[in-house]
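Below are some notes on helix packing and aromatic pairs. Please read them alongside the model.

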Amino acid sequence: MSDREFAVLPEGITPEIFAQAVAKFEAALGAENVLSSEERLTPYYKTMMPVDDDLYKTSCVVQATTVEQVQAVVKICDEFAIPVWTISTGRNFGYGTAAPAKRGTVVLDLKHMNKIIEIDPDLGTALVEPGVTYQQLFDYLEANNLPFYLSCPAPSAIAGPVGNTMDRGVGYTPYGEHFMMQCGMEVVLANGEVLRTGMGGVEGNSAWQVFKWGYGPYLDGIFTQSNFGIVTKMGFWLMPKPPVFKPFSVAYDNEEDIAEIVDLFRPLRLNNVIPNSIVYASTIYEAAGIISRRKYFDGEGATPPEVVQEIREKEGLGAWNVYAALYGTKEQVDVNWAIVKSVVEGHGKGRIITEEDAGGTQPFQYRADLMRGYMTMQEFGLYRWRDDRGAGGGSMWFAPVTVNKGSETLDQTKLATDILNKYGFDYAGEYIVGMRDLHHIIDVLFDKSDEEETKRAYECFDELLTEFAARGYAVYRVNNAFMDKVAGIYGQTQRDVNQTLKRALDPKGILAPGKSGITI
């Protein structure tokens, strides 16, 4: 019998068996890197989802610092059939944070694997470990005077390129499609073996970070948004810093303008006149970054339309606020700026705002910083929107993808607004242009300390998924509580293929069970 007590156990594992596994973790990693007390575990399963966090409680946390230690953890988990959920920085707010999908799962925290292994100053390639943050990488580039931009998600400083890319996140520079800019992975498989994808399997090869494909089937993609392996190194490309960077905004006064806006800017994006991800942000999305709604409205339910209009007028925001940038030599930027101005002014509805016009004010400055890869935490203002006194704490990102056509936007915006308002929540949304696609990003913000409101938030998110899917719109990422539902939306054939791969690569199902709805 074991005299150790654990707050929760993996499903089907006895205290005696788990104590044996924990002892082996401690031998492999050092006792200081195996966390099992309630106090140390709580941050790992505290979430912003509208569910009882106890459902996602972890049995223990193990912190690895080397690939060999990751292999040791995997082999111990394989020996005892113990599930393990891997995180890099664990800052995936709105998508589940660090919590595992299944209660009792061991969390493998890779935040201490934070080496910047190599940056090639000529080719603009990087090779990093999972714990490297964007802030760490930014500081390294600055300290070494390396002329590159990072492409980051909105709350950039505390997130990391490996975790964000593995979840197929996006950024706001011309390199904003992060997985597209990824090149080469090192992956620990469920049997403890190490796979290097692409050119990485060739001894002494120097092209691992420059040629994505290697020989035979391309494998990197199957390790994103999956539970087929644990990525311990990742290569990616850095954008050369241009001589001139010109951010700008265009404000539009009417909500119905969104369809025309999308069609107006699409040719500029397709022709690479505007080379980065264009953002079309709603009033509340932009306002939340700079004010709490209590400044204008302290009532229950959704913010009334007349109050939203007052916010626009007094805070200098549009119903839709377009953000984009130009990059290149002065001659290139001058030519493209003339094209952009001609298109916007010819349309006759938008107010152009340049960096000089904005004068360092928010939210323009925050958007400009994102588009040149500067570190920012401004988007966390969303979590103060409902109450600047700190109440709330609930957030879920709803992120359906559609085509880059204005005809898609009016119905989507109305549908989302109607569902959110029905449950008493605000539409805080934006559209982000990939090139031919639109990511419709909506933050469902609620007060998790309020049991009734939390229940409404769950029902609201469930209805958003259901009603959008009924019209052919599906999300590209989702939080843990809804992973299985979204997997079902994508169809049984895809689920069967994923399960086949899972059984082949991880026959005991020890790696992140439930991730993206994938199990053995």
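At 1% relative accessibility, does Phe-482 count as buried or exposed? The answer is in point 3.

1. This is a predicted model, in which local features need pLDDT of at least 70, side-chain atom pairs count only at pLDDT 80 or more, and totals for chains, interfaces and linings use all residues. Residues are numbered from 1 along each chain as its sequence is written, and side-chain values use heavy atoms, with hydrogens and water left out.

2. Aromatic pairs come to 18, counting rings of Phe, Tyr and Trp (its six-membered ring) with centres within 6.5 Å; planes under 30 degrees apart are stacked, over 60 edge-to-face and the rest tilted. Trp-320 and Tyr-431 make a tilted pair, 5.9 Å centre to centre with 45° between the planes. The pair links distant parts of the chain, strand S14 (residues 320–328) and strand S18 (residues 429–433), with the two residues 111 apart. Trp-320 and Tyr-431 are both buried (under 20% relative accessible area, with exposed over 50% and partly exposed in between; 1.4 Å probe, protein chains only).

3. Phe-482 counts as buried at 1% relative accessibility, and Phe-461 counts as buried at 0%. The ring centres of Phe-461 and Phe-482 are 4.8 Å apart and the planes lie at 45°, so this pair is tilted. Phe-461 is in helix H13 (residues 451–470) and Phe-482 in the loop between strand S20 (474–475) and helix H14 (483–489), so the pair ties together parts 21 residues apart in sequence.

4. H1 (residues 15–29) packs on H3 (residues 67–80) at about 165°, with axes 10 Å apart; axes are lines fitted to C-alpha atoms over the stretch in contact, and angles run from 0 to 180 degrees between N-to-C directions. That makes H1 roughly antiparallel to H3 (over 145 degrees). Contact, meaning heavy atoms within 4.5 Å, involves residues including Ile-17 and Phe-25 of H1 and Val-73 and Ile-76 of H3. The contact residues divide into ten nonpolar, two polar and two charged.

5. H6 (residues 258–270) and H9 (residues 330–347) pack at about 155°, with axes 11 Å apart, which makes H6 roughly antiparallel to H9. Glu-260, Leu-264, Phe-265 and Leu-268 of H6 meet Ile-339, Val-340, Val-343, Val-344 and His-347 of H9. These residues divide into seven nonpolar, one polar and one charged.

Conventions
Helix = DSSP H or I, 4+ residues; strand = E, 2+ residues; numbered from the N terminus. Parallel < 35°, antiparallel > 145°, perpendicular 65-115°, else oblique. Nonpolar A, V, L, I, M, F, W, Y, C, P; charged D, E, K, R; others polar.
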